[in-house]
Amino acid sequence: MAEDAWDAAVSDMLARVAGACSPEETGARLAARACEMGEYMVKKVETSQGMEGTSDCEKGCGWCCHAQVPVSKPEAEWLRGWINENFSRAHRDDTLARIARNRDLTEGRSLEERVAVWDQTPCIFLHESVCRVYPVRPLVCRAWHALNREQCRRAFLARETGAEIDNTPFRNYILGVVRDELARIMPWPGGGVLPLPEAMACLI
Ligand code: SF4
């Protein structure tokens, strides 16, 4: 499939989902469908290229979960619905405290300043090196991967933002198209995407 045909197919399918559900459920439905479609395409392309299962990521590594995750509004709404159904009061309070701390240490700071504290600013959903929202994690989290997780560990410990992390060439592109289309169909008031802590502060 040509690149622009893939873009058009994503746009067309998400527009049909948006047209078929109520305003309250549109964001969550869009994000769920977008993730399903994006992951289906990633699997199909990686399989055809003999690259299926080459990722070296595993539960508990979590090095990449210290970078800022940008999310579209539908992704954040999907997270909110899932949190409302699955988080205890204690988990919710803990998440609110992490949001406040993360925003305090990162908002308005330069990249160098954020990197300097990235061991103190794990993702608001990372708990004991495991993602608390894994089934509904954002598209960026589904795209980030490594063929050798030792490269991620070294980059994290050396605070190297531009380190070469070997990966397959398809995931970032395919899931990036899907995320951009979600952000276009249902934008935040200022447009684009928001860092995860800021996005969730608006919604939970
Ligand atoms: S949402 Fe989950 S997978 Fe994504 S950065 Fe946070 S902890 Fe990691």
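**A close look at helix H9**

Mentor: Happy to! In this predicted model, helix H9 covers residues 196–203, and its buried residues are Leu196, Pro197, Ala199 and Met200. Looking down the axis of H9, you would find these buried residues within an arc of 160 degrees, so they line one face of the helix.

Leu196 is among the residues with the most contacts inside the largest nonpolar core, along with Ala31, Ala34, Val71, Val178 and Leu182. That core has 35 residues, and H9 is one of the elements that give two or more residues to it. The others are helix H1 (3–19), helix H2 (23–48), H3, helix H6 (139–143) and helix H8 (171–185). More generally, nonpolar side chains tend to be buried together in soluble globular proteins.

Leaving out residues up to four places away in sequence, Leu182 touches Leu14, Leu30, Ala31, Ala34, Ser72, Pro74 and Glu75. Two of these partners, Ala31 and Ala34, were also named among the residues with the most contacts in the core.

Let us step back to the whole chain. It has nine helices and four strands, and from the N terminus on the order is α-α-β-α-α-α-β-β-α-α-α-β-α. The radius of gyration is 17 Å, close to the 17 Å that the globule rule gives for 204 residues, so the chain is as compact as a globular protein of that length. Along its principal axes, the C-alpha trace spans about 40 × 40 × 30 Å. Of the 204 residues, 29% count as buried. Among contacts with a separation of 6 or more, 80% are between residues 24 or more positions apart.

Glu128 counts as exposed because it has 7 C-beta neighbours inside 10 Å. Ser129 is found in that loop too, and with 12 other C-beta atoms within 10 Å it is also exposed. Neither is a glycine, yet phi is positive in both: about 50 degrees for Glu128 and near 65 degrees for Ser129.

Definitions and conventions:
Residues numbered from 1 in each chain as written. Predicted model: local features only at pLDDT ≥ 70, side-chain atom pairs only at ≥ 80, totals over all residues. Buried ≥ 20, exposed ≤ 12 C-beta atoms within 10 Å, placed from the backbone. Arc of directions from axis to C-beta. Core = buried A, V, L, I, M, F, W, Y, C linked by C-beta atoms within 7 Å. Contact = placed C-beta atoms within 7 Å. Rg over C-alpha atoms; globule rule 2.2 N^0.38 Å.
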